[in-house]
Amino acid sequence: MMDNFTPGPFAAELTGAGVPKHLHGWLGQFGIGALVVKMGIRFLEMSPERTVATMPVEGNTQVAGILHGGAHVVLAETLGSFSAAMHAGPHRHAVGIEVNATHHRSIAKGLVTGTCTAIHLGGTLTTHEIVMTDEQGRRLSTARITNMLRDNDRA
């Protein structure tokens, strides 16, 4: 078990991604994941009820020069999964069982903000809605993720 005073091997990664200090003990041994780092996702708020992060369009585009639809889903799943994991607590973990997204408009440059809001925080399932917006607040896509909560001693 890790205390909240000894930095884990991912301390710099967590700080760089904007993860609040009070969550470093929980994530210090695991980090935020290589894909989150590659996508440039930066957290602004983190809680089971609401998690907010940004992601640059640059570096995450498809052939036509617009944000890749899969990048929307990566941001959505990241936010929903972290929110569900925080709700699960230290002796359980969250595993995604369903994710879907509807794309409303494209974006070719700038920053995307994902806002994840809990729809249901139960004992075995969580469901979150994630809305991606551009810098003008226009909705780019809407996603939903459901996670199952499992005890850590199970696969």
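Q: Where is Thr 126 found, and why does Thr 126 count as buried?
A: In this predicted model, Thr 126 is found in strand 5. Its relative accessibility is 0%, and since buried means under 20% relative accessible area, Thr 126 counts as buried.

Q: Which residues are in contact with Thr 126, leaving aside its neighbours within four places in sequence?
A: Thr 126 is in contact with Ala 84 and His 87, with His 120 and Leu 121, and with Ile 145, Thr 146, Asn 147 and Leu 149, once neighbours within four places in sequence are left aside. For each of these residues, contact means heavy atoms within 4.5 Å.

Q: What makes Val 112 a buried residue?
A: Val 112, whose place is in strand 4, has 0% relative accessibility and therefore counts as buried, the cut-off being under 20%. Not counting residues up to four places away in sequence, Val 112 touches Ala 53, Thr 54, Met 55, Val 57, Leu 67, Leu 75, Ile 107, Met 132, Thr 133 and Leu 140. Arg 144, by contrast, lies 32 residues along the chain from Val 112, with 17 Å between their C-alpha atoms.

Q: Why is Val 57 called buried, and what is its place in the protein?
A: The place of Val 57 is in the loop between strand 2 and helix 4, and because its relative accessibility is 0%, Val 57 counts as buried. Among the residues that Val 57 touches, beyond those up to four places away in sequence, are Leu 67, Ile 107, Gly 110 and Val 112. Lys 109 is also touched by Val 57, and although these two residues are 52 apart in sequence, their C-alpha atoms are 5.4 Å apart in space.

Q: How do you know that Leu 140 is buried, and which residues are in contact with Leu 140?
A: Leu 140 is found in strand 6, and at 0% relative accessibility Leu 140 counts as buried. Leaving aside neighbours within four places in sequence, its contacts include His 72, Thr 102, His 103, His 104, Arg 105, Ser 106 and Ile 107, and also Val 112, Met 132, Thr 133 and Asp 134. Gly 31 is 109 residues from Leu 140 in sequence and 28 Å away in space, C-alpha to C-alpha.

Q: Why is Val 19 classed as buried?
A: Val 19 has a relative accessible area of 5% and is therefore buried, as the term requires under 20%. The place of Val 19 is in the loop between helix 1 (11-16) and helix 2 (24-27). Not counting residues up to four places away in sequence, Val 19 touches Leu 14, His 24, Leu 27, Ile 32, Phe 43 and Met 46. Between the C-alpha atoms of Val 19 and Ile 32, which are 13 residues apart along the chain, the separation is 8.9 Å.

Q: Which residues touch the most other members of the largest nonpolar core, and which element supplies the largest share of this core?
A: The largest nonpolar core has 30 residues, of which Val 19, Ile 41 and Phe 43 touch the most other members. At least two residues of this core come from each of helix 3 (34-39), strand 2 (50-56), helix 4 (69-88), strand 4 (111-121), strand 5 (125-133) and strand 6 (139-151). Helix 4 supplies the largest share, 7 residues. Ile 41, for its part, touches Ala 17, Val 36, Ala 53, Thr 54, Met 55, Val 74, Leu 75 and Thr 78, not counting residues up to four places away in sequence.

Q: How do you know that the radius of gyration of the protein agrees with that of a compact globule?
A: A compact globule of 155 residues would have a radius of gyration near 15 Å, and the protein has 15 Å, so the two agree. Along its principal axes the C-alpha trace spans about 45 × 30 × 25 Å. Of the 155 residues, 42% count as buried, and among contacts between residues at least 6 apart in sequence, 59% join residues at least 24 apart.

Q: How many helices and strands are there, and what pattern do they follow along the sequence?
A: The protein has 4 helices and 6 strands, and read along the sequence they follow the pattern α-α-α-β-β-α-β-β-β-β.

Terms used
Residues numbered from 1 in each chain as written. Predicted model: local features only at pLDDT ≥ 70, side-chain atom pairs only at ≥ 80, totals over all residues. Heavy atoms only, no water. Core = buried A, V, L, I, M, F, W, Y, C linked by side-chain atoms within 4.5 Å. Buried < 20%, exposed > 50% of the residue type's maximum accessible area, 1.4 Å probe, protein only. Rg over C-alpha atoms; globule rule 2.2 N^0.38 Å.
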